[in-house]
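I opened a new model today and went through its rings, its helix packing and its confidence values. My entries follow.

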Amino acid sequence: MNDTANVAIRAEDVCKSYGSRQAIRNLNMAVPAHSVTAILGPNGAGKSTLMRMITGMETPDTGTFSVLGRKPSWELNRWIAYLPDRAQWYSHHMVEHALEWARTLQPGFNEMRARDLMVTLDLDASMKVEGMSKGEEARLMLALCLARDVPLLVLDEPFSGIDMISRERIVAALIDSFSEREQTVLISTHEIAETESLFDYAVFVDKGVAVLAGDVERMRAERGSLQQVYRQLYG
């Protein structure tokens, strides 16, 4: 993947430390454009740090990083839809207020698509955000994220702590969304069995290093399912 037009994200010898702890060390990877890419690895592998660097929330100590052909920055972040672990809402907010916020502040936000996704994800605009279950809040954040027409989606652990029914709804919404548009999608997750069918490409990270990366179909042909590859690498 030497053609820049075919690479959405490229990292070359990237390092990132927090005090004496090295979260990312000599990371090299190239994520294909218009792919759905899994970022996989155990807790503490550096996945969330990697996601924050992609969105410009963190900067590498050394090495070079390019996203959509540019250096990550807050300006570039306008064209990235990022799904954080949890959002902060005012106590009086309802889902309708969240839609208004996204329509006003989020570039590329498609309100009609968001409302369609809310139906799929069993959300009501009159619901009060405060007091939502984690599964309901995750579904709301996902609807707002998937409703944006931007080149890059970054989903950091979208299934963490989510009940099985919510996970099934989220996966169904992801499949429908990805089939409609040409976007590059990064998903960091531990729920490999339920999400494996989503992925075209996978990057396995351990102790801040990309230990394996490649086309998912080729991995399956050579090494078995992504779950099996995960056990081979980390078991």
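**Aromatic pairs**

I looked for ring pairs and got 2 aromatic pairs. The rule takes rings of Phe, Tyr and Trp (its six-membered ring) with centres within 6.5 Å. I then looked at F204 and Y234. Their ring centres are 6.5 Å apart and their planes stand at 40°, so the pair is tilted. Planes under 30 degrees apart would count as stacked, over 60 as edge-to-face, and the rest as tilted. This pair links distant parts of the chain: F204 sits in strand β8 and Y234 in helix α8, 30 residues apart. Helices (H or I, at least four residues) and strands (E, at least two) are DSSP runs, numbered from the N terminus.

**Source and confidence**

I noted that this is a predicted model, where local features need pLDDT of at least 70 and side-chain atom pairs count only at pLDDT 80 or more, while totals for chains, interfaces and linings use all residues. Residues are numbered from 1 along each chain as its sequence is written, and side-chain values use heavy atoms, without hydrogens and water.

pLDDT is the predictor's confidence in each residue, from 0 to 100. I read a chain mean of 87, with 93% of residues at 70 or more. Among the elements, helix α5 (residues 164-180) has the lowest mean, 77. Strand β8 (residues 201-206) has the highest, 96.

**Helices α7 and α8**

I turned to α7 (residues 216-223) and α8 (residues 226-234). Their axes come within 9 Å and cross at roughly 70°. Axes are lines fitted to C-alpha atoms, for helices over the stretch in contact, and angles run from 0 to 180 degrees between N-to-C directions. The two helices are therefore roughly perpendicular (65 to 115 degrees). I listed the contacts (heavy atoms within 4.5 Å). V216, M219 and R223 in α7 meet L226, Q228, V229, Q232 and L233 in α8.

**Helices α2 and α3**

V95, E96, L99 and R103 of α2 touch E111, A114, R115 and M118 of α3.

Terms used
Angles under 35 degrees count as roughly parallel, over 145 as roughly antiparallel, 65 to 115 as roughly perpendicular and the rest as oblique.
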